[in-house]
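This note sets out points for a colleague who has the coordinates open.

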Amino acid sequence: MGKRVNMDTKKTSLYQLHQDSKAKFVDFAGYQMPIQYSEGIVEEHRFTRNHSGIFDVSHMGQLFIYGQEDLVDDLERIFPLDLKNLKLNHSKYSFLMSDNAGIYDDLIITKIKDGFLIILNAACKENDFKILKALLNNKYKMILDEERSLIAIQGPKSVQILKSVIQGVENLNFMSGNWFTLDYHNIYVTRSGYTGEDGFEVSITNEFADRFTRRLIDKGAKLIGLGARDTLRLEAGLCLYGHELSKDKTPVEANLKWAISKERILKGNFIGSDIITKQLNSGVSKIRVGVKPEGRIIAREKTKIYNESDLEIGVITSGTFGPSVNGPVAMGYVENEFSKKNTKIFLEVRGKKHPATICSLPFYKKNYVKGFN
Amino acid sequence: MSEVKYSKEHEWIKLEGNIATIGITKHATEMLGDIVFTELPEKGSNVEKDGTAGVVESTKAASDVYTPVSGEVVDLNQSIVDDPSKINQDPENSAWFFKLKIKDKSEMDTLMNKDEYDKFAKESSA
């Protein structure tokens with residue numbers, strides 16, 4: 001059953017630590033990544049919700065783009081964001097889109113001194129870099145930084161643990177960041193995450209990543225694998241690229257229109273804006289929803305969704321058992337007319353139709369620390 | 001006297017008279033991880049050797065459970081449907097899956113004994 005790990009895959013700076021912690025590895029986007037450690041996905045999930053989990057997300061892309069006002073103008077032609085008013089060290093969730101508003105990647109963009117830092121999905125980062133370089137006509141210095149690791153620390157105890165190692169992080173608001181110095185290393189910390197919990201993402205030099213992470217473990221945090229990362233994000237109703245998001249889906253279809261700046265919609269001069277505006281005005285035929293199966297049946301990706309008249313109306317994009325919800329959870333796309341909360345639907349699992357309902361997201365209530373600005 | 005045998009699909013089978021109790025091995029649960037869903041065959045149904053006779057799902061994926069021998073399903077362990085985590089806790093004892101009234105005892109002959117299975121499990125996970 002266990003998948004063999006391809007020896008050509010890359011290792012992160014925490015590889016030795018993962019091995020020391022008895023990780024089971026999987027090949028993910030060309031990297032050997034820990035899927036779980038000895039305690040298993042359910043326990044790792046619960047530990048993150050109740051305490052503090054450390055996630056090695058060094059496979060993700062850290063793209064630094066340097067430039068001044070020209071860069072802001074050029075990036076506004078690419079991203080549907082009000083970047084002119086994005087304050088220093090503040091972050092926004094956004095998308096790299098095609099002309100048809102198909103999603104090439106979803107990302108977090110942060111205004112830093114002299115430019116922007118963009119966090120990209122591992123599987124998309126090389127392609128994103130090429131697309132962005134072409135769109136920006138090679139005008140700006142762009143570094144897809146392989147010299148830095150990215151470590152997330154998530155869960156209610158994370159602020160206490162991280163501040164005991166890096167003083168001052170407790171003052172960061174949700175979706176903002178800053179540079180810190182620890183043992184002469186420059187560390188960029190943002191208050192953000194992918195679990196529905198309060199937490200931080202720490203960009204740190206590769207050479208210091210192992211020592212830094214072991215300090216967090218000494219303070220009581222535990223390493224958490226990609227398996228629990230997936231159950232945590234799914235309970236939090238967050239999208240995963242390649243599942244909820246793809247080149248065939250637009251941000252409006254993905255029910256992420258909140259991430260598109262209203263001011264920018266009015267001006268409409270960004271890549272994909274024609275389609276986005278049209279979809280916002282006349283609606284979409286399919287839309288992302290939360291799905292709650294009855295009982296314990298788990299509807300995995302590609303499970304077909306039917307309405308009460310037995311007509312196929314959509315498909316599941318992610319589904320698992322949610323340990324904090326203590327039941328199955330799923331997301332998928334359904335025809336717009338069946339997307340209302342509490343609509344009865346059926347899921348075809350192993351040849352049988354099982355009842356479920358459309359539900360609001362998230363399945364698990366967020367515990368983010370809100371900004372005061 | 002009862003004898004316990006093992007299949008290459010990581011089921012164990014304990015035969016007492018003509019009643020076989022079937023479950024999945026500890027090694028299987030370690031490969032699967034946390035089991036969160038179980039589906040069992042219907043009571044009274046007939047299952048064929050090496051055919052599907054249930055499903056277990058972990059947080060990661062679904063896996064079929066096969067029956068190593070043919071027979072009629074005469075009993076089910078509802079407690080592992082109500083709380084699938086019991087399978088991780090005690091897979092080769094209280095967390096049995098189903099009981100069969102078997103037709104052909106010779107089907108047991110092709111299965112492995114404990115030593116053979118332990119060796120097989122070690123090699124297949126290497």
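1. In the hairpin formed by E16(A) and E17(A), four residues lie between the strands, and Asn326(A) takes a positive phi near 55°. The element labels are DSSP runs numbered from the N terminus, with helices (H or I) of at least four residues and strands (E) of at least two. The model is a predicted one, in which local features need pLDDT of at least 70 and side-chain atom pairs count only at pLDDT 80 or more, while totals for chains, interfaces and linings use all residues. Residues are numbered from 1 along each chain as its sequence is written, and chains are lettered from A and ligands numbered from 1 in the order in which they are written.

2. E16(A) and E17(A) are paired in the antiparallel sense over eight bridges; strands count as paired if DSSP finds at least two bridges between them. Within this pair, Thr320(A) stands opposite Val329(A) of E17(A). E17(A) also pairs with strand E14 (residues 286–293) of chain A, again antiparallel, over six bridges. There Lys286(A) stands opposite Glu335(A) of E17(A).

3. E17(A) is mostly covered, with seven of its nine residues buried. A residue is called buried if 20 or more other C-beta atoms lie within 10 Å of its own, exposed if 12 or fewer do, and partly exposed in between, with C-beta atoms placed from the backbone.

4. These strands belong to a closed barrel of six strands in chain A, which runs E14-E17-E16-E15-E18-E19 with antiparallel pairing. From one strand to the next, the twist averages 40°. Tyr306(A) stands opposite Phe346(A) in E18(A).

5. What lies across E16 and E17 of chain A? Helix H7(A) does so, running at about 125° to E16(A). Angles run from 0 to 180 degrees between N-to-C directions, and axes are lines fitted to C-alpha atoms, for helices over the stretch in contact.

6. Chain A is divided into domain 1 (15–61 + 146–235) and domain 2 (285–359); these bounds come from an automatic or database domain assignment. The centres of the two domains, taken over C-alpha atoms, are separated by 31 Å. Their contact takes eight residues from domain 1 and eight residues from domain 2 of chain A, where residues are in contact if their C-beta atoms, placed from the backbone, lie within 7 Å. On the domain 1 side, H2 and H7 of chain A each supply at least two residues. By class, that side of domain 1 has two nonpolar, two polar and four charged residues. Nonpolar here means Ala, Val, Leu, Ile, Met, Phe, Trp, Tyr, Cys and Pro; charged means Asp, Glu, Lys and Arg; the others, Gly among them, are polar.

7. Which residues of helix H2 (residues 41–50) of chain A are buried? They are Ile41(A), Val42(A), Glu44(A), His45(A), Thr48(A) and Arg49(A). These residues lie on the same side of H2(A) because they cover an arc of only 165° around the axis, the arc being that of the directions from the helix axis to the C-beta atoms. The buried residues of H2(A) pack against strands E2 (31–36), E3 (53–56) and E9 (148–154) and helix H7 (226–235) of chain A.

8. Leu144(A) is placed in strand E8 (residues 141–144) of chain A. It counts as partly exposed because it has 17 C-beta neighbours inside 10 Å. Leaving aside neighbours within four places in sequence, Leu144(A) is in contact with Gly61(A), Leu63(A), Lys125(A) and Phe129(A).

9. Chain B has an open sheet of six strands in the order E1-E2-E3-E9-E8-E5, with antiparallel pairing. Its edge strands are E1 (3–6) and E5 (46–47) of chain B, each pairing on one side only. E5(B) and strand E8 (residues 71–76) of chain B pair in the antiparallel sense over two bridges. Asn46(B) has Glu72(B) in E8(B) as its bridge partner.

10. The contact between the chains takes 15 residues from chain A and eleven residues from chain B. On the chain B side, strand E4 (35–39) and strand E6 (52–58) each supply at least two residues. The residues of that side divide into five nonpolar, three polar and three charged.

Technical notes. Two residues are in contact if their C-beta atoms, placed from the backbone, lie within 7 Å.
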